[in-house]
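Subject: Structure handover

Hi,

Here is the structure we talked about. Please open it alongside this note and read the two together.

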Amino acid sequence: MNDHELAARLAQLAGERLVELRERAGPELDPKSLGDAADQAAHELLVGELARHRPQDPVLSEHGVAGPAREPGGRVWIVDPLDGTREYSEAGRTDWAVHVALAQEHRIVAAAVALPARGEVLGTGEPPARPSPHAGAARIAVSRSRPPEFVADVAAALDAQLVPMGSAGAKITAVVLGEVDAYLHAGGQYEWDSAAPVGVANAAGLHTGRLDGGELSYDQPDPWLPDLLVCRPELTDRLRAALPAEGGRR
Ligand SMILES: Nc1ncnc2c1ncn2[C@@H]1O[C@H](COP(=O)(O)O)[C@@H](OP(=O)(O)O)[C@H]1O
């Protein structure tokens with residue numbers, strides 16, 4: 001299996017595990033305990049499989065670094081076993097995801113995102129086609145639990161519609177699949193929240209970057225990423241022109 005195939009296979013496997021755990025969970029399990037237990041199980045699966053298939057590579061996640069020590073600019077897998085933990089624990093929701101990415105030289109070089117409740121895995125091995133242009137008002141995906149205040153002004157400036165969703169992976173893959181046209185985030189996230197979906201979005205020919213136009217750089221000593229824009233390339237300039245100055249982005 002090459003790195004692209006491995007990313008897709010592991011995202012698929014962890015996704016199946018999460019679906020199984022959600023189906024098996026009894027009503028006595030509160031949503032927080034279900035999310036935590038599922039996140040832990042999917043994390044163990046990913047770390048175990050990566051140790052088996054790529055023992056020379058470190059693995060970065062919210063649980064820390066597993067495997068060998070990181071080398072600056074070296075290969076590192078950046079995984080989020082369950083992105084959208086809150087949504088996972090709400091029956092019937094499909095906006096949660098598994099992220100598996102490989103970074104090298106601070107760029108994502110292979111990645112896969114599983115959307116297990118939809119039975120889909122998107123990856124860089126067979127990159128999704130760039131979505132065809134959308135007629136009508138632009139649709140901007142935002143966090144359903146903590147949408148940045150300024151996004152409403154951006155939407156008004158573009159006459160766009162806001163689409164609240166959970167999970168960074170679900171929002172970015174919604175852009176890849178042409179279900180929305182952009183995803184804007186501010187207020188911070190960690191590298192594992194966006195690494196894999198950004199890798200898939202890049203492979204599909206979409207724009208990905210910081211709100212100030214800078215590149216997204218992964219495998220940094222501090223995994224905090226302050227903000228993020230993923231969109232159809234033709235919307236980039238209009239969206240960035242509608243953003244408030246950095247100090248006003250709350
Ligand atoms: N301000 C913030 N600080 C830290 N993490 C954030 C954040 N905003 C969003 N995230 C993380 O990004 C993911 C998507 O969030 P949202 O649904 O709000 O867009 C979630 O990951 P997890 O579900 O893995 O915890 C969430 O915890």
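Helices (H or I, at least four residues) and strands (E, at least two) are DSSP runs, numbered from the N terminus.

Two notes on the source. Residues are numbered from 1 along each chain as its sequence is written. The model is predicted: local features need pLDDT of at least 70, side-chain atom pairs count only at pLDDT 80 or more, and totals for chains, interfaces and linings use all residues.

Back to α2. Its buried residues are Gly35, Ala38, Asp39, Ala42, His43, Leu46 and Leu50. Buried means 20 or more other C-beta atoms within 10 Å of the residue's own; exposed means 12 or fewer, and partly exposed lies in between, with C-beta atoms placed from the backbone. The cover over these α2 residues includes α1 (3-24), β1 (59-61), β3 (76-83), α3 (85-88) and β4 (97-104).

Next, helix α5 (residues 168-176). It is mostly covered, with nine of its nine residues buried. Lys171 is one of the buried residues. Glycine 178 follows α5 and has a positive phi, near 75 degrees.

How do α5 and α6 (residues 191-203) sit together? Their axes come within 9 Å and cross at roughly 10 degrees. That makes α5 roughly parallel to α6. Axes are lines fitted to C-alpha atoms, for helices over the stretch in contact, and angles run from 0 to 180 degrees between N-to-C directions. Under 35 degrees counts as roughly parallel, over 145 as roughly antiparallel, 65 to 115 as roughly perpendicular and the rest as oblique.

From α5, Ala168, Gly169, Ile172, Thr173, Val175 and Val176 take part; from α6, Asp193, Ser194, Ala196, Pro197, Val198, Val200 and Ala201. Contact means C-beta atoms, placed from the backbone, within 7 Å. By class, this α5 and α6 contact has nine nonpolar, three polar and one charged residues. Ala, Val, Leu, Ile, Met, Phe, Trp, Tyr, Cys and Pro count as nonpolar, Asp, Glu, Lys and Arg as charged, and the others, Gly among them, as polar.

Now the ligand. It is surrounded by 14 residues, and the closest are Thr85, Ser143, Gly166, Gly187 and Asp193. To be near it, a residue needs its C-beta atom, placed from the backbone, within 6 Å. The shell has one nonpolar, nine polar and four charged residues. β9 gives the most, with three.

Most residues other than glycine have a negative phi. Serine 167 has a positive one, near 70 degrees. Serine 167 lies in the loop between β8 (161-165) and α5, and with 30 C-beta neighbours inside 10 Å it counts as buried. Glutamate 105 also has a positive phi, near 55 degrees. Glutamate 105 is in the loop between β4 and β5 (107-115). With 12 C-beta neighbours inside 10 Å, glutamate 105 counts as exposed.

Last, alanine 110 in strand β5. Its 25 C-beta neighbours inside 10 Å make alanine 110 buried. Its C-alpha atom is 6.2 Å from that of aspartate 3, 107 residues away along the chain. Leaving aside neighbours within four places in sequence, alanine 110 contacts Asp3, His4, Ala7, Leu102, Thr124 and Gly199.

Best wishes

Technical notes. Contact = placed C-beta atoms within 7 Å.
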